[in-house]
Amino acid sequence: MMSFKVNGQSKTFSGDGDMPILWYLRDELGLSGTKFGCGMALCGACTVHLDGKAIRSCVTTIASAAGKDITTIEGLDSKGNHPVQKAWREHNVPQCGFCQSGQIMQAASLLEDNASPSDQEIIDSMQGNICRCGTYQRIHAAVKTAAEMASKNLTGNSGKGGVNTIVKNREL
């Protein structure tokens, strides 16, 4: 029996340890935010965090998660207020939306490791996540905005006129 956490909740699994994390998340837990794309770790639609690092859940076994923390798009911020999620809304990034959870998880992992990435570092980090709609310029802009939000500490209640107000007004 394997034990691990998913979005902060303790879980156990006694099935086939070779099962990809993606299938465990979707089929066993019903967490459908993580998408199946290519099944070969080439498109990034299945990106989740394993102990805070972006991984491709379609090729990573559930056995490799034993004793670790898995975070999905549902667990990044329960209210969708992670700086990357806010920046995604600010830049109206999604079109069809299929790749967006993987894109957001990849970007969040990048910013966790590098709070102020250069343009080239953003390109390098995000290049493994494919968007069929071609929203790469908006994705890039959103990653930069998320980094700026974090550096200016505007992720909490920033008060009148701050980033939260702008994001909140767009949601209304």
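1. Strand 3 and strand 5 (residues 69-71) pair in the antiparallel sense over 2 bridges; strands here are DSSP runs of E with at least two residues, numbered from the N terminus, and two strands pair if DSSP finds at least two bridges between them. T71 in strand 5 is the bridge partner of H49. Please keep in mind that this is a predicted model, where local features need pLDDT of at least 70, side-chain atom pairs count only at pLDDT 80 or more, and totals for chains, interfaces and linings use all residues. Residues are numbered from 1 along each chain as its sequence is written, and side-chain values use heavy atoms, leaving out hydrogens and water.

2. Strand 3 also pairs with strand 4 (residues 53-56), again antiparallel, over 4 bridges. Here L50 stands opposite K53. The two strands form a hairpin with 2 residues between them, and D51 in the turn has a positive phi of about 50°.

3. Is strand 3 (residues 47-50) covered on one face or both? Both: T47 and H49 on one side, and V48 and L50 on the other, are all buried (under 20% relative accessible area, 1.4 Å probe, protein chains only).

4. Now to the helices (DSSP runs of H or I, at least four residues).

Note on methods:
Buried < 20%, exposed > 50% of the residue type's maximum accessible area, 1.4 Å probe, protein only.
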